[in-house]
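Me: Hi! Could you walk me through this structure in plain words?
Reply: Happy to, let's have a look together.

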Amino acid sequence: MSTGQPTRLVVLAGPTAVGKGTVAAEVRAAHPDVWISISATTRAPRPGEVDGVHYWFVSEDRFDEMVASDDLLEWAVVHQRARYGTPRAPVEEALAAGCLALLEIDLQGARQVRTTMPDALFVFLSPPSWEELVRRLVGRGTENDEERARRLETARQELASEAEFDVTVVNREVHAAAEELVALMTYDHESTRAD
Ligand code: 5GP
């Protein structure tokens, strides 16, 4: 799809375990017209995760190369552990092709994109409550106690950043949150086009 109009990059961030990945997956399934960035990461794949689908799983050396060649639009160390980054070229290609583009990244990454691409729309995905966020974090069961504590601490800090964002979507239910996000993308895009 090419509209020839200014196009919109949407950045979805929010606390760990709020369900950003699930909401992005729902958008991918229900709205194939929305282009979704695939991040590079140095963390190991979880069971069922596929290279090039969920992430590009890369070595520390390869990530170093990507940083050195300025191949990443943004990158961050997440949960004080692994590095994650957004490959720059695919984002630029998607925007040039007139697509609605979605980045699902952490808060540090969102702040970097805010600096380099201030026209993007920044959406904060929030949990219905702190208790629900803790329940989701524990319920996922893929982390050990130390990892879980680290992620909770990150989540606490991330929740406090909501005011930095243009708009908040509350993730009460995945399908509804995904639809709200796409409606925002489309609405914003249409209003941009009407200018
Ligand atoms: P997970 O390891 O659970 O898949 O993701 C951990 C965190 O990394 C999530 O908060 C996710 O938003 C963030 N993340 C995923 N990809 C990127 C990226 O490309 N850049 C940044 N800054 N964060 C990312």
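Me: How far is the polar backbone atom of Gly85 from an oxygen atom of the ligand?
Reply: The distance is 3.2 Å, a polar contact, meaning a pair of N or O atoms within 3.5 Å. Keep in mind that this is a predicted model, where local features need pLDDT of at least 70, side-chain atom pairs count only at pLDDT 80 or more, and totals for chains, interfaces and linings use all residues. Residues are numbered from 1 along each chain as its sequence is written, and side-chain values use heavy atoms, with hydrogens and water left out.

Me: And the side chains, what does Tyr84 do with the ligand?
Reply: An N or O atom in the side chain of Tyr84 is 2.4 Å from an oxygen atom of the ligand. Glu74 has a polar side-chain atom 2.8 Å from a ligand nitrogen atom.

Me: How much of the ligand does the protein bury?
Reply: The protein buries 94% of the 510 Å² that the ligand exposes when taken alone. Those areas come from the Shrake-Rupley method with a 1.4 Å probe.

Me: Which elements give two or more residues to the shell around the ligand?
Reply: Strand E5 (72-78) and strand E6 (82-87) do. Strands here are DSSP runs of at least two residues, and helices of at least four, numbered from the N terminus.

Me: Switching topic, how do E5 and E6 run, parallel or antiparallel?
Reply: They run antiparallel, joined by six bridges.
Reply: The open sheet of four strands has the order E4-E3-E6-E5, with mixed pairing. Two strands pair if DSSP finds at least two bridges between them. Strand E4 (56-57) and E5 stand at the edges with a single partner strand each, so one side of each has no neighbour in the sheet.

Me: Which classes of residue make up the shell around the ligand?
Reply: There are five nonpolar, five polar and seven charged residues. Ala, Val, Leu, Ile, Met, Phe, Trp, Tyr, Cys and Pro count as nonpolar, Asp, Glu, Lys and Arg as charged, and the others, Gly among them, as polar.

Conventions. Polar contact = N/O pair within 3.5 Å; in protein donor to acceptor, adjacent residues only side chain to side chain.
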